[in-house]
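Reader: Please show me the model, and let us then discuss the terms used to describe it.

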Amino acid sequence: MRLSGEQLERFERDGFLVLPELFSKDEVAALRARLAALFAADDPANIVEKNSGEVRTAMGLHLRDPVFAKLVRHPRLLEPALQILGEAAYIQQVKVNVKPAFVGEVWQWHYDFATHHAEDGVAEPRALNLHVFLDDVTELNGPLYFIPGSQAHGPAPATLDTATTSYPLWVVDRERVTALAAEGGLAAATGPAGTALIFGDLLVHASPGNISPYDRRIFSLILNPPSNAPTTRARPDHKHHRDLTPVVPLADDCLLVPAPA
Ligand code: SIN
Ligand code: MN
(Lines give C-alpha, C1' and ligand atoms only; values in the text may rest on other atoms or scores of the structure.)
(Ligands and ions follow the chains in the order given, each with its own letter.)
Protein backbone atom coordinates (compact mmCIF):
# COMPACT_ATOMS: atom_id res chain seq x y z
CA MET A 1 0.00 0.00 0.00
CA ARG A 2 1.65 3.20 -1.15
CA LEU A 3 0.76 6.69 0.07
CA SER A 4 -0.47 9.14 -2.56
CA GLY A 5 1.38 12.36 -3.33
CA GLU A 6 -1.36 14.24 -1.49
CA GLN A 7 -0.92 12.06 1.63
CA LEU A 8 2.86 12.54 1.56
CA GLU A 9 2.39 16.31 1.30
CA ARG A 10 -0.02 16.28 4.24
CA PHE A 11 2.46 14.25 6.31
CA GLU A 12 5.24 16.75 5.47
CA ARG A 13 3.06 19.74 6.32
CA ASP A 14 1.21 18.54 9.45
CA GLY A 15 3.74 16.00 10.77
CA PHE A 16 1.13 13.25 10.98
CA LEU A 17 -1.28 11.28 8.83
CA VAL A 18 -4.54 9.54 9.80
CA LEU A 19 -5.46 6.41 7.81
CA PRO A 20 -9.12 5.73 8.72
CA GLU A 21 -10.04 2.06 9.28
CA LEU A 22 -6.81 0.73 7.76
CA PHE A 23 -7.51 -2.58 9.53
CA SER A 24 -10.83 -4.44 9.41
CA LYS A 25 -13.08 -5.31 12.33
CA ASP A 26 -11.95 -8.97 12.06
CA GLU A 27 -8.28 -7.98 12.15
CA VAL A 28 -8.85 -5.76 15.17
CA ALA A 29 -10.74 -8.61 16.88
CA ALA A 30 -7.78 -10.95 16.28
CA LEU A 31 -5.47 -8.43 17.98
CA ARG A 32 -7.82 -7.63 20.85
CA ALA A 33 -8.18 -11.34 21.63
CA ARG A 34 -4.48 -11.40 22.61
CA LEU A 35 -4.60 -8.50 25.08
CA ALA A 36 -6.03 -9.98 28.28
CA ALA A 37 -3.31 -12.63 28.57
CA LEU A 38 -0.55 -10.15 27.69
CA PHE A 39 -1.75 -7.60 30.26
CA ALA A 40 -2.11 -10.30 32.94
CA ALA A 41 1.47 -11.52 32.50
CA ASP A 42 4.00 -10.86 35.23
CA ASP A 43 6.52 -9.24 32.90
CA PRO A 44 8.87 -6.26 33.39
CA ALA A 45 7.70 -5.04 29.96
CA ASN A 46 4.24 -4.38 31.46
CA ILE A 47 4.38 -0.96 33.12
CA VAL A 48 1.48 -0.10 35.43
CA GLU A 49 -0.21 3.22 36.18
CA LYS A 50 1.06 5.21 39.13
CA ASN A 51 -2.33 5.46 40.84
CA SER A 52 -4.55 2.55 39.77
CA GLY A 53 -1.94 -0.16 39.28
CA GLU A 54 -3.63 -1.07 35.95
CA VAL A 55 -1.37 -1.73 32.95
CA ARG A 56 -0.43 1.61 31.35
CA THR A 57 1.73 0.23 28.58
CA ALA A 58 2.61 -3.34 27.58
CA MET A 59 5.87 -3.43 25.63
CA GLY A 60 7.91 -5.90 23.55
CA LEU A 61 4.71 -7.49 22.27
CA HIS A 62 6.14 -8.87 19.00
CA LEU A 63 8.50 -11.00 21.10
CA ARG A 64 5.71 -12.12 23.43
CA ASP A 65 2.85 -12.92 21.05
CA PRO A 66 2.55 -14.46 17.53
CA VAL A 67 -0.24 -12.16 16.32
CA PHE A 68 1.63 -8.99 17.31
CA ALA A 69 4.73 -10.56 15.67
CA LYS A 70 2.72 -10.42 12.45
CA LEU A 71 1.33 -6.92 13.01
CA VAL A 72 4.85 -5.40 13.22
CA ARG A 73 5.50 -6.91 9.77
CA HIS A 74 2.16 -5.90 8.25
CA PRO A 75 2.48 -4.41 4.75
CA ARG A 76 -0.24 -1.83 5.43
CA LEU A 77 2.04 -0.35 8.12
CA LEU A 78 5.46 -1.11 6.67
CA GLU A 79 5.00 -0.04 3.07
CA PRO A 80 3.94 3.56 3.89
CA ALA A 81 6.63 3.78 6.60
CA LEU A 82 9.41 2.56 4.30
CA GLN A 83 8.12 4.91 1.59
CA ILE A 84 8.47 7.88 3.98
CA LEU A 85 11.83 6.73 5.38
CA GLY A 86 13.34 5.93 2.00
CA GLU A 87 15.50 3.21 3.56
CA ALA A 88 15.24 -0.01 5.57
CA ALA A 89 14.11 0.10 9.20
CA TYR A 90 14.44 -2.00 12.34
CA ILE A 91 11.84 -2.44 15.08
CA GLN A 92 12.72 0.06 17.80
CA GLN A 93 9.73 -0.32 20.13
CA VAL A 94 6.39 -2.19 20.15
CA LYS A 95 3.62 -1.63 22.66
CA VAL A 96 -0.04 -1.17 23.47
CA ASN A 97 -0.79 2.00 25.42
CA VAL A 98 -3.87 1.02 27.35
CA LYS A 99 -5.56 4.00 29.05
CA PRO A 100 -8.29 1.95 30.76
CA ALA A 101 -11.80 3.32 31.32
CA PHE A 102 -11.97 5.67 34.37
CA VAL A 103 -8.30 5.32 35.37
CA GLY A 104 -6.11 5.85 32.26
CA GLU A 105 -3.61 8.60 33.07
CA VAL A 106 -2.14 11.38 30.92
CA TRP A 107 0.79 11.41 28.55
CA GLN A 108 2.40 14.81 29.02
CA TRP A 109 3.32 17.16 26.16
CA HIS A 110 6.38 15.73 24.46
CA TYR A 111 7.99 14.67 21.21
CA ASP A 112 9.48 11.20 20.98
CA PHE A 113 12.94 12.24 19.74
CA ALA A 114 13.66 14.02 23.03
CA THR A 115 13.56 10.62 24.76
CA HIS A 116 15.24 8.73 21.90
CA HIS A 117 18.11 11.25 21.85
CA ALA A 118 18.58 11.73 25.59
CA GLU A 119 18.08 8.11 26.69
CA ASP A 120 19.43 6.14 23.71
CA GLY A 121 21.85 8.53 22.02
CA VAL A 122 19.92 8.47 18.73
CA ALA A 123 21.46 11.13 16.47
CA GLU A 124 18.63 12.20 14.16
CA PRO A 125 14.81 12.56 14.46
CA ARG A 126 14.14 9.93 11.80
CA ALA A 127 12.01 7.39 13.69
CA LEU A 128 8.36 6.95 12.73
CA ASN A 129 5.58 6.07 15.18
CA LEU A 130 2.80 3.94 13.67
CA HIS A 131 -0.38 3.56 15.69
CA VAL A 132 -3.40 1.27 15.26
CA PHE A 133 -6.52 1.93 17.33
CA LEU A 134 -7.70 -1.25 19.05
CA ASP A 135 -10.80 0.55 20.40
CA ASP A 136 -12.88 3.34 18.92
CA VAL A 137 -11.00 6.51 19.89
CA THR A 138 -13.16 9.60 20.35
CA GLU A 139 -12.77 13.01 21.94
CA LEU A 140 -14.03 11.39 25.15
CA ASN A 141 -11.63 8.55 25.96
CA GLY A 142 -8.17 10.13 25.94
CA PRO A 143 -7.16 10.54 22.28
CA LEU A 144 -3.78 11.82 21.23
CA TYR A 145 -3.59 15.58 20.78
CA PHE A 146 -1.18 16.73 18.06
CA ILE A 147 0.17 20.23 17.38
CA PRO A 148 0.09 20.24 13.57
CA GLY A 149 3.27 21.61 12.05
CA SER A 150 5.18 21.55 15.36
CA GLN A 151 7.76 19.19 13.81
CA ALA A 152 8.90 21.96 11.47
CA HIS A 153 10.22 24.01 14.43
CA GLY A 154 12.88 21.40 15.21
CA PRO A 155 13.69 19.90 18.61
CA ALA A 156 12.22 21.93 21.49
CA PRO A 157 14.03 22.13 24.84
CA ALA A 158 12.93 19.14 26.93
CA THR A 159 13.27 18.06 30.55
CA LEU A 160 12.97 14.62 32.14
CA ASP A 161 9.70 14.20 34.09
CA THR A 162 9.79 11.21 36.44
CA ALA A 163 7.04 12.48 38.73
CA THR A 164 3.82 12.94 36.78
CA THR A 165 3.28 9.32 35.72
CA SER A 166 4.96 5.95 36.18
CA TYR A 167 6.71 6.34 32.80
CA PRO A 168 9.79 8.63 32.68
CA LEU A 169 9.37 11.01 29.75
CA TRP A 170 11.27 13.98 28.32
CA VAL A 171 8.62 16.69 28.19
CA VAL A 172 8.11 20.13 26.64
CA ASP A 173 7.17 23.09 28.83
CA ARG A 174 3.88 25.00 28.77
CA GLU A 175 5.32 28.16 27.23
CA ARG A 176 6.61 26.25 24.23
CA VAL A 177 3.34 24.30 23.84
CA THR A 178 1.37 27.55 24.03
CA ALA A 179 3.52 29.16 21.35
CA LEU A 180 3.40 26.14 19.04
CA ALA A 181 -0.38 25.78 19.46
CA ALA A 182 -0.88 29.50 18.77
CA GLU A 183 0.58 28.80 15.36
CA GLY A 184 -0.59 25.25 14.52
CA GLY A 185 -3.68 24.80 16.69
CA LEU A 186 -4.48 21.40 18.18
CA ALA A 187 -5.87 18.27 16.50
CA ALA A 188 -7.38 15.27 18.31
CA ALA A 189 -6.55 12.00 16.53
CA THR A 190 -9.85 10.11 16.57
CA GLY A 191 -11.47 7.35 14.56
CA PRO A 192 -13.04 3.91 14.71
CA ALA A 193 -11.04 0.87 15.82
CA GLY A 194 -8.68 -0.16 13.01
CA THR A 195 -7.73 3.44 12.20
CA ALA A 196 -3.98 4.01 11.89
CA LEU A 197 -1.75 7.04 12.50
CA ILE A 198 1.75 7.81 11.27
CA PHE A 199 3.75 10.56 12.95
CA GLY A 200 7.36 11.62 13.12
CA ASP A 201 9.89 11.95 15.92
CA LEU A 202 9.61 15.75 16.30
CA LEU A 203 5.82 16.14 16.36
CA VAL A 204 4.69 17.56 19.72
CA HIS A 205 1.83 15.48 21.18
CA ALA A 206 0.09 14.52 24.42
CA SER A 207 -3.10 12.82 25.61
CA PRO A 208 -5.47 13.55 28.50
CA GLY A 209 -6.61 11.09 31.15
CA ASN A 210 -9.50 8.76 30.38
CA ILE A 211 -12.32 9.47 32.78
CA SER A 212 -14.89 7.93 30.41
CA PRO A 213 -16.34 4.42 30.84
CA TYR A 214 -14.71 3.40 27.52
CA ASP A 215 -11.31 1.71 27.28
CA ARG A 216 -8.82 3.28 24.89
CA ARG A 217 -6.18 0.80 23.69
CA ILE A 218 -3.73 1.89 20.98
CA PHE A 219 -0.99 -0.23 19.41
CA SER A 220 2.28 1.58 18.64
CA LEU A 221 5.22 0.46 16.50
CA ILE A 222 8.31 2.68 16.28
CA LEU A 223 10.58 2.06 13.30
CA ASN A 224 14.03 3.59 12.86
CA PRO A 225 16.69 3.21 10.15
CA PRO A 226 19.74 1.12 11.23
CA SER A 227 21.87 4.07 10.03
CA ASN A 228 20.35 6.04 12.97
CA ALA A 229 20.86 3.35 15.61
CA PRO A 230 21.28 4.11 19.34
CA THR A 231 24.74 4.91 20.60
CA THR A 232 23.99 4.15 24.27
CA ARG A 233 22.26 1.14 25.76
CA ALA A 234 21.08 2.17 29.21
CA ARG A 235 17.40 1.33 28.70
CA PRO A 236 16.03 -2.23 28.72
CA ASP A 237 15.53 -4.01 25.38
CA HIS A 238 11.74 -3.56 25.45
CA LYS A 239 12.18 0.25 25.45
CA HIS A 240 14.60 0.22 22.51
CA HIS A 241 15.26 -3.14 20.91
CA ARG A 242 18.87 -4.06 20.25
CA ASP A 243 18.13 -6.15 17.14
CA LEU A 244 18.76 -3.87 14.14
CA THR A 245 17.66 -6.43 11.51
CA PRO A 246 15.61 -4.67 8.80
CA VAL A 247 11.94 -5.60 9.04
CA VAL A 248 10.38 -7.33 6.00
CA PRO A 249 6.64 -7.18 5.17
CA LEU A 250 4.44 -10.31 5.30
CA ALA A 251 1.32 -10.94 3.16
CA ASP A 252 -1.64 -8.57 3.44
CA ASP A 253 -3.92 -11.24 4.98
CA CYS A 254 -1.34 -12.35 7.59
CA LEU A 255 -3.42 -11.40 10.63
CA LEU A 256 -6.33 -13.64 9.63
CA VAL A 257 -4.27 -16.68 8.60
CA PRO A 258 -4.02 -19.10 11.54
CA ALA A 259 -0.52 -19.82 12.83
CA PRO A 260 0.69 -23.36 11.96
CA ALA A 261 -0.08 -25.84 14.77
C1 SIN B 1 -0.77 7.82 24.20
O2 SIN B 1 -0.85 6.58 24.11
O3 SIN B 1 -1.77 8.49 24.47
C4 SIN B 1 0.52 8.52 23.97
C5 SIN B 1 1.27 7.84 22.92
C6 SIN B 1 2.55 8.49 22.51
O7 SIN B 1 3.06 9.36 23.18
O8 SIN B 1 3.05 8.10 21.45
MN1 MN C 1 5.01 9.89 22.22
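This is a predicted model: local features need pLDDT of at least 70, side-chain atom pairs count only at pLDDT 80 or more; totals for chains, interfaces and linings use all residues.

Reader: Why is His74 called buried?

Author: Buried means under 20% relative accessible area, exposed over 50%, and partly exposed in between, with a 1.4 Å probe and protein chains only. His74 has 0% relative accessibility, and therefore counts as buried.

Reader: Which residues is His74 in contact with, leaving aside its neighbours within four places in sequence?

Author: Contact means heavy atoms within 4.5 Å. The partners of His74, with those neighbours set aside, are Phe23, Glu27, Asp252, Cys254 and Leu255. His74 itself lies in the loop between α4 (66-71) and α5 (75-85); helices (H or I, at least four residues) and strands (E, at least two) are DSSP runs, numbered from the N terminus.

Reader: What makes β1 and β2 edge strands?

Author: Two strands pair if DSSP finds at least two bridges between them. The open sheet has 7 strands in the order β1-β11-β6-β13-β4-β3-β2, with antiparallel pairing. β1 (16-19) and β2 (46-48) each pair on one side only.

Reader: How do you know that β2 pairs with β3?

Author: 3 bridges join β2 to β3 (residues 55-59), and the definition asks for at least two. The two strands run antiparallel, and Asn46 stands opposite Ala58 in β3.

Definitions and conventions. Residues are numbered from 1 along each chain as its sequence is written. Chains are lettered from A and ligands numbered from 1 in the order in which they are written. Side-chain values use heavy atoms; hydrogens and water are left out.
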